[in-house]
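Please examine the sequence and the three-dimensional structure shown below. The paragraphs that follow lead through selected residues and helices.

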Amino acid sequence: MEETVVLHEATSHAALPRLLERRPRIQLVFIDGWHTMDHTMLEAFYCDRMLDVGGVMAFHDLWMPGLQAFASFWCANRSYEPVTLHDGRLSPEPAEDARPSPGDPDQAFPGFTERLAPYVDRSVLLLRK
């Protein structure tokens, strides 16, 4: 995979602005960083600038309140929709056999449980631009 994967050995807040200057176009982003709302927002902001319309951002560890807060804010304020994989294709329907990660439902971010949680599978949320 050396032809398709480039490793940037720097923190995301340092590497992503430099990467954006090169104007790459991407179709898939997997964000699994510091797991706080502010760090995730920063990473998503820069990745959004590089992501093609129709591209997907994947976020890991959606059992964490900071990521739930981020996802709720992002979907309410940006042109992204939650999607799942059905038979190897992206679908706007919630996952029927989703296996959410353990987490305390009483700690869930308001609005997240109703709108986005049905799309979380194995603690991963896919958002299509």
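Arg 23 has a relative accessibility of 71% and therefore counts as exposed, where exposed means over 50% relative accessible area, buried under 20%, and partly exposed in between (1.4 Å probe, protein chains only). Arg 23 is found in the loop between helix H1 (12–21) and strand E1 (26–31); helices (H or I, at least four residues) and strands (E, at least two) are DSSP runs numbered from the N terminus. Although Arg 23 is not a glycine, its phi is positive, at about 55°. The model is predicted, so that local features need pLDDT of at least 70 and side-chain atom pairs count only at pLDDT 80 or more, while totals for chains, interfaces and linings use all residues. Residues are numbered from 1 along each chain as its sequence is written, and side-chain values use heavy atoms, with hydrogens and water left out.

Ser 123 also has a positive phi, near 70°, and is a residue other than glycine. Ser 123 lies in the loop between helix H4 (112–115) and strand E5 (124–128). Is this residue buried or exposed? Ser 123 is buried, with a relative accessible area of 2%.

The next subject is helix H2. Thr 40, Glu 43, Ala 44, Tyr 46, Cys 47, Asp 48 and Met 50 are the buried residues of H2. Their cover includes H1, E1, E2 and H3. Met 50, in helix H2, counts as buried because its relative accessibility is 1%. With neighbours within four places in sequence left aside, Met 50 is in contact with Leu 16, Leu 19, Leu 20, Pro 24, Arg 25 and Ile 26, contact meaning heavy atoms within 4.5 Å.

How do H1 and H2 pack, and at what angle? Their axes are 10 Å apart and the angle is about 15°; axes are lines fitted to C-alpha atoms, for helices over the stretch in contact, and angles run from 0 to 180 degrees between N-to-C directions. H1 is therefore roughly parallel to H2, since angles under 35 degrees count as roughly parallel, over 145 as roughly antiparallel, 65 to 115 as roughly perpendicular and the rest as oblique. The contact joins Ser 12, His 13, Leu 16, Pro 17, Leu 19 and Leu 20 of H1 to Leu 42, Glu 43, Tyr 46, Cys 47, Arg 49 and Met 50 of H2.

Helix H3 (residues 65–77) has 13 residues and reaches 18 Å from its first C-alpha to its last, close to the 18 Å expected. Leu 67, Gln 68, Ala 69, Phe 70, Ala 71, Ser 72, Trp 74 and Cys 75 are buried in H3. The buried residues of H3 pack against helix H2 (37–50), strand E2 (51–60), H4 and E5.

The axes of H2 and H3 come within 8 Å and cross at roughly 40°, and the two helices are therefore oblique to each other. On the H2 side, Met 37, Thr 40, Met 41, Ala 44, Phe 45 and Asp 48 meet Gly 66, Leu 67, Ala 69, Phe 70, Phe 73 and Trp 74 in H3.

Methods:
The expected span of a helix is 1.5 Å times one less than its number of residues.
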